[in-house]
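Subject: Structure handover

Hello,

Below is the structure I said I would pass on. My notes follow it.

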Amino acid sequence: MIVIAHRGASALRPEHTLLSYECAIVLGADYIEPDLVATRDHVLVARHENEISGTTDVAARPEFADRRATKEIDGRPVTGWFTEDFTLAELKTLRACERVPELRPANTAFDGLAEIPTFDEVLALARRHGVGVYPETKHPSHFAALGLPLEDLMLERLAATPVPRVFLQSFEVGNLRELRGKTSLPLIQLMYAGGRPYDWVVSGEETRGYDELLTPEGLREVATYADGIGVHTGCVVRDGEPTTLVRDAHEAGLQVHVWTIRNENSQLPPEHRLGDPASPAYERATGDVAGWLGRLLDLGIDGAFCDDPGLASAVLRRRSA
């Protein structure tokens, strides 16, 4: 199984910073995962969302107060500050902060220390340390409509700074199909129960959703353009019981990578939570992560997105001993 550092070592450092990626590499991650969005001057940077008020100090910067806006992102209204309204030089004046301080208060010790990294900087870090990268195109239809498409630029930057191993991932379908015609790099179709690819929503030409793609027939279709699927753990274990998804995907020739393995009780299935529920620290206390990951490994998953890649690496070492 491969260990994919979810936004870096986001359990231990503010996500999508070089601090987080460096920590993940030290802890044994096989891949670091940058989510990619674009700046106004069409540079790829690593942020989970193009709206950055929750992960930077932009809201406290009076010089950018007039950039606050409300936009429709993938069909829902979002208010805040957006990467596409800033040049790279402007974004570089901001500093990153912990996205969920109530859950990860220790990470706030690193607030204000890190810049927003460019994709080039992430690639250079991965190349120096010999680890893989696993970029995701975020809101590709949104950026394409703005004249800031992500895919060709992503391939260009990967060619400029080659790294040992790469997976490319997206929740949309059309961009993965187009990428299949442009690259031999492995592609991962991201999915979750009940959702729909947003490019299908926008086009109106396709009424199906991820549920249909998660069937044996749908998985065979995915296998015509992708090499694997990235799915929520709830698609593999539902209501405490395993599904047939891993077996079905493997029969279609697809790898299965699950998201997201998180340390905190509040992020784990009830049967893998530890401690006293009456404690004020219970929600953020570390649960039985090893047991949960071991259970998924027993079901045959090929990779896992982990907020704490060190813990996941330790589980793998113990199982192979």
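Predicted model: local features only at pLDDT ≥ 70, side-chain atom pairs only at ≥ 80, totals over all residues.

Together with helix α1 (residues 18-26), β1 and β2 form a β-α-β unit of right-handed sense.

In a regular strand, side chains alternate between the two faces of the sheet. In β1 (residues 2-5), Ile 2 and Ile 4 point one way, Val 3 and Ala 5 point the other way, and all of them are buried.

Cysteines

The structure has zero disulfides. Cys 97 is in none, the nearest cysteine sulfur being that of Cys 23, 18 Å away. Cys 97 counts as buried, at 18% relative accessibility. Cys 235 is likewise in no disulfide; its nearest cysteine sulfur is that of Cys 306, 17 Å away. Cys 235 is buried, with a relative accessible area of 3%.

Pockets

The largest pocket holds about 680 Å³ of space. Its lining comprises 37 residues, and His 48, Lys 138, Phe 171, Tyr 192 and Trp 259 lie nearest the centre. By type, the lining divides into 13 nonpolar, twelve polar and twelve charged residues. Strands β8 (136-137), β12 (237-238) and β14 (255-261) each supply at least two residues of this lining.

The second largest pocket has a volume of about 300 Å³. It is lined by 17 residues, with Pro 140, Ser 141, Ala 144, Glu 151 and Glu 178 nearest its centre. Helices α4 (140-145), α5 (151-160), α6 (174-180) and α7 (198-203) are the elements giving two or more residues to the lining of the second largest pocket. Of these, α4 gives the most, with five residues. The lining of the second largest pocket consists of six nonpolar, five polar and six charged residues.

Regards

Terms used
Residues numbered from 1 in each chain as written. Heavy atoms only, no water. 1 Å grid on protein atoms, 1.4 Å probe; cavity = no way out; pocket = protein on both sides within 12 Å on 5 of 7 lines; lining within 4 Å. Points joined across faces, edges and corners; volume = space filled by probe spheres on them. Helix = DSSP H or I, 4+ residues; strand = E, 2+ residues; numbered from the N terminus. Nonpolar A, V, L, I, M, F, W, Y, C, P; charged D, E, K, R; others polar. Disulfide = S-S within 2.5 Å. Buried < 20%, exposed > 50% of the residue type's maximum accessible area, 1.4 Å probe, protein only. Right-handed = clockwise from strand over helix to strand, strands pointing away.
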